[in-house]
Amino acid sequence: MITPTDASKPSSARIYDYMLGGEEWFGADEAAAKILMADDTWVRDACRANRGFLLRAAREVATLGVTQFLEIGCGLPTRPNVHETVRSVQPAARVAYVDNDPTVVTHNQANVDEPGAVVTIEADLNQPHDILNNPEIRGLLDFTRPIALILVGVWHFLPGPDTRKIMDVLCDALAPGSYVVLTHACSDAMTEAKKAAGQAVYRQTSNPAHPRTTAEISLLIDGLELLSPGLVPVAKWNSIDNDPYPQDAPAVIGAVGMISQY
Ligand SMILES: C[S@@+](CC[C@H](N)C(=O)[O-])C[C@H]1O[C@@H](n2cnc3c(N)ncnc32)[C@H](O)[C@@H]1O
């Protein structure tokens, strides 16, 4: 059982865990999730399809030879976790997890971290230099070799106009042959009413949500060499037979891109 910093307020990490069928949530999170699912299950489908994309994309990048992973906005442990998934391809993979929710960090440190192989630190994506200069991350990952930077389900919690600058700081620190794995809540297919209802719920958390259009999200990954099929609804990204995740979830789009020259 997790120890919340404030169980009376919903958290984006615990709402997501509820949507995925996890057990690390409280009454406030369940109430928020039920509001999000009052009319239909589009938010739950989006969360589940997002998780399916993350696992397929992480495995794909590991298959391409990457053995180092940096996931920012990692969320609560969810079996299988990223380190378990990539180890099925790269048994010696090292994974650094980052989240700005202290509850997530405490829980991961107690249940997931492994000396020399998996580390979780508390930091904010808004402060990318703090992440890049963190001694535990520097001790685990070799930035002269390719790293997969995983930014899945997190960019839409950053409000400002600085998202591209933050991406540039992170990508500039990565060696050629590194990858960016990214998803983002996409407003193209949302009615104004759905968008407003979702935002009202996430405003109660410490991570208000800011869905963006496909055009805005494309700017974030401009300059990367995208793997096929490019930036698409996550459920459509290299889906597999008998995938247990939803096949129709247009509210989140995602891509995997390689850094050749950034
Ligand atoms: C929806 S969960 C995604 C978890 C996982 N990446 C996945 O896709 O399955 C989003 C996570 O991002 C974290 N988060 C939100 N804003 C953040 C920020 N500015 N810096 C770091 N983490 C953040 C939340 O605490 C939450 O755990």
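Where in the chain is the place of Asn238? Let's start there, hello everyone. Asn238 sits in the loop between strand E7 and strand E8, the latter running over 252–259. Please keep in mind that what we are looking at is a predicted model.

So what can we say about the backbone of Asn238? Its phi is near 45°, a positive value in a residue other than glycine. As a reminder, most residues other than glycine have a negative phi. Asn238 is partly exposed, because its relative accessible area of 33% falls between the 20% and 50% cut-offs.

Asn242 counts as exposed, because its relative accessibility is 79% and the cut-off is over 50%.

Now for two peptide bonds. Most peptide bonds are trans. Here, the bond from Arg79 to Pro80 is cis, with omega near -10°, and Pro80 lies in the loop between strand E1 (68–72) and helix H4 (82–87). The bond from Ser228 to Pro229 is cis as well, with omega near 10°. You will find Pro229 in the loop between strand E6 (225–226) and strand E7 (232–233).

Let's move on to the ligand. Which residues are closest to the ligand? They are Tyr16, Glu71, Gly73, Asp99 and Asp124, out of 23 residues that surround it. By class, that shell has 10 nonpolar, 8 polar and 5 charged residues. Helix H1 (12–19) and helix H3 (42–63) each supply at least two residues of the shell.

A polar side-chain atom of Tyr16 is 2.6 Å from an oxygen atom of the ligand. For Asn50, a polar side-chain atom lies 3.0 Å from a ligand oxygen atom. Gly75 takes part through a backbone N or O atom, 3.5 Å from an oxygen atom of the ligand. The protein covers 98% of the 600 Å² of accessible area that the ligand has on its own. The space taken by the ligand is the largest pocket.

One of those closest residues, Asp124, has its place in the loop between strand E3 (118–122) and helix H6 (128–132). Asp124 is partly exposed, with a relative accessible area of 28%. Asp124 and Asp101 are 23 residues apart in sequence, and their C-alpha atoms are 8.8 Å apart in space.

Definitions and conventions: Residues numbered from 1 in each chain as written. Predicted model: local features only at pLDDT ≥ 70, side-chain atom pairs only at ≥ 80, totals over all residues. Heavy atoms only, no water. Near = heavy atom within 4 Å. Polar contact = N/O pair within 3.5 Å; in protein donor to acceptor, adjacent residues only side chain to side chain. Areas by Shrake-Rupley, 256 points an atom, 1.4 Å probe, with all protein chains shown as cover. 1 Å grid on protein atoms, 1.4 Å probe; cavity = no way out; pocket = protein on both sides within 12 Å on 5 of 7 lines; lining within 4 Å. Sits in = over half its atoms within 2 Å of the grid points. Helix = DSSP H or I, 4+ residues; strand = E, 2+ residues; numbered from the N terminus. Nonpolar A, V, L, I, M, F, W, Y, C, P; charged D, E, K, R; others polar. Buried < 20%, exposed > 50% of the residue type's maximum accessible area, 1.4 Å probe, protein only.
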